[in-house]
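Please find below some notes for a colleague who has the coordinates open and wishes to check a few local features.

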Amino acid sequence: IQTQRNGLLLLMVKDRTFMRCPTFGAVATLLFFWLLVVPASDGQTFNSFHPERRDWIFNHLTVHQATGALYVGAVNRVYKLSGNLTLLVSHDTGPKDDNKACYPPLIVQPCSEALVPTNNVNKLLLIDYSQNRLLACGSLYQGVCKLLRLDDLFILVEPSHKKEHYLSSVNQTGTMYGVIVPSQGQDATLFIGTAVDGKQDYFPTLSSRKLPRDPESSAMLDYELHTDFVSSLIKIPSDTLALVSHFDIYYVYGFASGSFVYFLTVQPETPENSMSSSGSSSDLFYTSRIVRLCKDDRKFHSYVSLPIGCVKNGVEYRLLQAAYLGKPGRILAASLNLSAQDDVLFTVFSKGQKQFHRPPDDSALCVFTIRDINARIKERLQSCYQGEGNLELNWLLGKDVQCTKAPVPIDDSFCGLDINQPLGGSQLVTGHTLYTETRDRMTSVTSYVYNGYCVAFVGTRSGRLKKGRVIRVANSV
């Protein structure tokens, strides 16, 4: 990429395609099978990179902000590529003998289940810039992670001896997201959300973990805080699975902005007395939600979750497909009454609240300002601390819990107390609808700023790529 200033990079895999605009470092997901550079000129020169086997598909990609090196997570491999897609080094992660029914995994204690050669699907790929290392998590052994040196993918450590070292039990790649929060002169923190596949006693759905600077530290991936009374984690209660047998929380995207960490999720609704364990996943209504935590909140007292979506001509788009945090640029910022350096969140939603696993083709591209999201969260906190209504988090609390009135000032940096937490809400956080598509479902989004204009790329289910300039929120892309 560094040799083709105006090129586009596409990483196309079976269920997703990663796209990078080289000058600006944007990354998104689409739908195909291969990796190529598309020059902006009229020439037809393509560079491509393929895995060793066709079924060892690419799952994740991240691009180093400074060097432009590409790190690709695939089935059984992690690759490091140069900007022109030359393979620099690869790291084998599988296949290895395993069995999903081994709890704890066989590398901790012997397992009575039959072991068979098992692929290792990459589920998480994050660069820890402060320590020049790559966090790569896979599906083997209930979700073991490795820390690899960025230069040569040498294994720095593979924690595997504690219960918290196993991060996810499911093999799907689109149900897990992580955010690394660095700290000046101190150890970083890993916030991680994952679908738990009914194993809520073994895996928290959301947690924060230690990332010590010393890779050999015995505290690696430990919970930030874990006592009998309070911990840096959220677990799905067994009562919720008894009510909705297919309940899980799917983490679509995550990011840090300002003093907070955010996750975008999709999860089934849990209406009282209207859903039994016999209900199928196709019977469920789903809600897309935005979850916010303070970066330094080890007790998770700042956990707030609100529904998120957008509306166009009375049609609701509530099934989140993809998201990307970017900058608005000077032109769009003026329309949104923002600074050009403020954060905006581009999202793609499908229509309605049914069929999350087979979403409708009718979809919408929307934009949210982080300022507006924080304002809605602040309003929710203020109303609850005035004693209005309930905590509205039935899937976690199992019942209606009245908000407690407390004379506490709620400012923009409020990080919760040991009352009125964790906090949910039912008032929809609504974004600005930019563009809708009725036939070819949008599945991915990314953006960058060029000459003050915000340019958005959208990928579709059929593999088409759409590019548009976002001028103001009242117009389509």
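The points below take up a sheet, a strand residue and a helix in turn.

1. The model is predicted, so that local features need pLDDT of at least 70 and side-chain atom pairs count only at pLDDT 80 or more, while totals for chains, interfaces and linings use all residues. Residues are numbered from 1 along each chain as its sequence is written, and side-chain values use heavy atoms, with hydrogens and water left out.

2. Four strands form an open sheet in the order E16-E17-E18-E19, with antiparallel pairing; strands are DSSP runs of E of at least two residues, helices runs of H or I of at least four, both numbered from the N terminus, and two strands pair if DSSP finds at least two bridges between them. Strands E16 (176–183) and E19 (233–234) are the edges, each pairing on one side only. Strand E18 (residues 206–211) runs antiparallel to E19 and is joined to it by two bridges, and Ser-207 has Leu-233 in E19 as its bridge partner.

3. Leu-264, in strand E21 (residues 260–268), counts as buried because its relative accessibility is 1% (buried means under 20% relative accessible area, exposed over 50%, partly exposed in between, with a 1.4 Å probe and protein chains only). Beyond its neighbours within four places in sequence, the contacts of Leu-264 (heavy atoms within 4.5 Å) include Tyr-250, Arg-289, Ile-308 and Leu-345.

4. In helix H2 (residues 329–336), the buried residues are Gly-329, Leu-332, Ala-333 and Leu-336. Seen down the axis of H2, these buried residues fall within an arc of 105°, so they line one face of the helix; the arc is that of the directions from the helix axis to the C-beta atoms. Exposed residues Arg-330 and Ala-334 sit on the face of H2 turned away from its buried side.
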